[in-house]
Amino acid sequence: MKNQHTKTAIVTGASRGIGAEVAQRLARNGFNLIVNYSGSEEAASKIVNNIERAGGNAISAKADVSDVAAVKRMFDSAETAFGGVDVLVNNAGIMKLAKLADSDDGLIDSQIAINFKGTINTLREAANRLQDGGTIVNFSTSVVGLYLENYSIYAAIKAGIETLTKIMAKELRGRSITVNAVAPGPTATDLFLNGKSAEVIDKMSKAPPLERLGTPEDIGNIVAFLASEEAGWINGQIIRANGGVV
């Protein structure tokens, strides 16, 4: 069982990329961690082991966020292991790119299921089970402001996440729970890099005034701040973490 003063965070999609960095960053700040994954148990176990070797507490929890029952079980696991949930980070997501005219039902439905309904599922559970004084951090994308071709379905769903963020911040009035979203720009993760040519990656890395791609550490630092007491007055906001590209 957790010490009553130790807070617990669920990070969805935490077995790789930005999610893995966020989980490890929050653990370094003293949070107990629920490392959520839907695919590779080995990858999730590696993150749990990293956290434990550094002196933190973590468990893995397999859950497809598009599955309501699985999300409930994930929260159950957190409560059983650590006594409750204080922070939810909605990082899990997939990105499938195509022009709208070429977007088949599989491309559309899978992103709606995981990126949109998955976030709704975890937000609904958190609304009923998060400890008062807690924190919710959703993930959007700076493509919502860039309007890049081939990103229509992905960006439209993330625009919906921004709306959910702002409304939920108001709906949780009276419980001292903050609800914000981080909207990264181009970030050097497998999700971003896979399938792109070196020319495209170079062009996008030079687009921000800071002339580089973001890193998972850049985003992890922002999430860690939003989950801290120092960010307690930030609520219902979208943080565009993109080096100034938009």
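Student: Which residue in E5 is the bridge partner of Leu-88?

Tutor: Strands of a sheet pair through backbone hydrogen bonds, either parallel or antiparallel. In this predicted model, Leu-88 has Ile-136 in E5 as its bridge partner. Strands E4 (residues 85-90) and E5 (residues 130-139) run parallel and are joined by five bridges; two strands pair if DSSP finds at least two bridges between them. Strands (E, at least two residues) and helices (H or I, at least four) are DSSP runs, numbered from the N terminus.

Student: What is the order of the strands in the open sheet?

Tutor: The seven strands have the order E3-E2-E1-E4-E5-E6-E7, with parallel pairing. Strands E3 (58-62) and E7 (238-241) stand at the edges with a single partner strand each, so one side of each has no neighbour in the sheet.

Student: Which strands does helix H4 touch?

Tutor: Contact means heavy atoms within 4.5 Å. Helix H4 (residues 105-129) packs on the sheet, touching E4 and E5, and its direction makes about 165 degrees with that of E5. Axes are lines fitted to C-alpha atoms, for helices over the stretch in contact, and angles run from 0 to 180 degrees between N-to-C directions.

Student: Is Ser-176 buried or exposed?

Tutor: Ser-176 is exposed, at 59% relative accessible area; buried means under 20%, exposed over 50%, and partly exposed in between (1.4 Å probe, protein chains only). Most residues other than glycine have a negative phi. Ser-176, however, has a positive phi, near 55 degrees.

Student: How are residues numbered, and what limits apply?

Tutor: Residues are numbered from 1 along each chain as its sequence is written. Local features need pLDDT of at least 70, side-chain atom pairs count only at pLDDT 80 or more, totals for chains, interfaces and linings use all residues, and side-chain values use heavy atoms, leaving out hydrogens and water.
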